[in-house]
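Biologist: Could you walk me through this structure? I have not seen it before.
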There are 2 protein chains.
Amino acid sequence: MNHSNQIMEAVPNFSEGRNLNIIDKLLTPLRSTEGVRLLDYSRDEDHNRMVATMAGHPDALRQAITDAVGIAIACIDLNRHRGEHPRIGAVDVIPFIPLRGYDMEAAVRLARETAAGIASRYPQLPVILYEEAATAPHRRNLADLRRGEFEGLDAKLQRPEWQPDYGPARRHPTAGAVAVGARRPLIAFNVNLGTTDIRIAKEIASSVRQSGGGLPACKALGIELRSKGMVQVSMNLTDYTLTGIHQAYEAVSREADKRGISVACCELIGMIPQEAAAHSLGHFLRISNFNSQQILI
Amino acid sequence: MNHSNQIMEAVPNFSEGRNLNIIDKLLTPLRSTEGVRLLDYSRDEDHNRMVATMAGHPDALRQAITDAVGIAIACIDLNRHRGEHPRIGAVDVIPFIPLRGYDMEAAVRLARETAAGIASRYPQLPVILYEEAATAPHRRNLADLRRGEFEGLDAKLQRPEWQPDYGPARRHPTAGAVAVGARRPLIAFNVNLGTTDIRIAKEIASSVRQSGGGLPACKALGIELRSKGMVQVSMNLTDYTLTGIHQAYEAVSREADKRGISVACCELIGMIPQEAAAHSLGHFLRISNFNSQQILI
């Protein structure tokens, strides 16, 4: 782990989850740029997406990611991209997360600098700022920003409320657009269900997410995993003190149970805070006073 | 957490779990000695015992613990000590654990230096080396060393095979003796059962521990928790790669179930390695490839 007192995190999402050769190329700058550590990466064939988790100095993160954007533009053609996860571009989204020793203001500044740098280096690529870095309230929510996806992007970018923050108001012909933002840490947690019926995953997703009256600070999508013969409830837990991993797991399990469906397995994408791990482990082991400081690194 | 590359751990166990004034005195050198960090402490009224977990430089650990031994000798009288956990002395046991950047040889050396230092500073206190620091194979096992406890100590120390390594061959009149050793990390995990019948805890302990044909690398005792109106299966998991916390929890739960008894709650005493936490959390969340590096500190 990184033992310095300052950690900025970045979690770029690339629209390639199948071609290992391309994935390896995308990872090269994330692995080799000085001042950056690649903590984890996770690819999924059905999502057709790769999520990298990095920590490091802001300048180094910006440099590594800007290099990777160039590789993605060269290697990924969204016109041929089919995947279950919504996406607008070859590099779909680049969030920065202030983990330790940085505040949200520093992450917003880094998001804007990175966005400006990407636009100046790749002038055909529109760049849209989102969440804490958004330049208007209606542009904060990533789900709104992604609605219409790559295919609907040209029409969307023409509308005044979706003018890009940097770059042209038309999509890059093969790489679409990229969303760059700053946000608080979130936990990406997926529950895979033993059925091929995507309606069930969508139903459960809609019942567990906050916007459907479910768990607080929980976003959820139903996604088809054709390669596995399963469906998935793919969740983002945006505040683990409100909804922990165990609560998300148990809510989805209960909903699956009701429908006579089994939970096949689960996935954690990227990192989870030590406190979230201790909180959930304490729940399962019925330890009321388990402290994250008891986990020794 | 300690961010240096070298961590030696020490987990001294004191025979006082009730008097907060004495516990505070015992903790003073563990808190205030330079080069030492008190990571955790846990006291239990029924065990009548306090377990401190510290990390630091070997010399600093030795100094802090040797000071605390003096406080224990001054404040704790084993003739008046009643508790459910077996014990031989006011400071019952002092294990050193090489966590990072030290090998077992360094921990054994530290155990022997600490033992010699304690004996020279408190000449009435017999000191016995155990486990990796033991001076004979029959003296390695702490359970054998503790058998007979404080009350049987004078007779025991007379026998040639239990001559102390340092100090006199008779117990300190009020502080008994102390065992000083070196060992690999272990996980101290207790499961509290909703019954007052101590026979059930002893039966379950005997069925889950390795010596009873149960879980590998698992030691277990049945202990009465009068203050809570419960009984406890108190376990040491000496190799979490063989038996993880979740496996210990589930084995005890199954045995309790069979007897119609409920698990009330559980306790983790001291630290657990990050890998053990990830392993158990992955089990409960049904994540097959969860990696301890995904827990972000």
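Modeller: Four strands of chain B make an open sheet, ordered β9-β10-β8-β11, with antiparallel pairing; strands pair if DSSP finds at least two bridges between them. Helices (H or I, at least four residues) and strands (E, at least two) are DSSP runs, numbered from the N terminus. This is a predicted model, where local features need pLDDT of at least 70, side-chain atom pairs count only at pLDDT 80 or more, and totals for chains, interfaces and linings use all residues. Residues are numbered from 1 along each chain as its sequence is written, while chains are lettered from A and ligands numbered from 1 in the order in which they are written.

Biologist: How many bridges join β8 to β10 in chain B?
Modeller: Seven bridges join β8 (residues 187–193) to β10 (residues 230–237) of chain B. Within that pairing, Asn192(B) has Gln232(B) as its bridge partner.

Biologist: Which strands does helix α7 of chain B lie across?
Modeller: Helix α7 (residues 245–258) of chain B lies across β8, β9, β10 and β11 of chain B, at about 25° to β8(B). Angles run from 0 to 180 degrees between N-to-C directions, and axes are lines fitted to C-alpha atoms, for helices over the stretch in contact. Contact requires C-beta atoms, placed from the backbone, within 7 Å.

Biologist: Changing topic, at what angle do α2 and α3 of chain B pack?
Modeller: Helices α2 (residues 58–75) and α3 (residues 104–121) of chain B pack at about 35°, their axes 10 Å apart.

Note on methods:
Contact = placed C-beta atoms within 7 Å.
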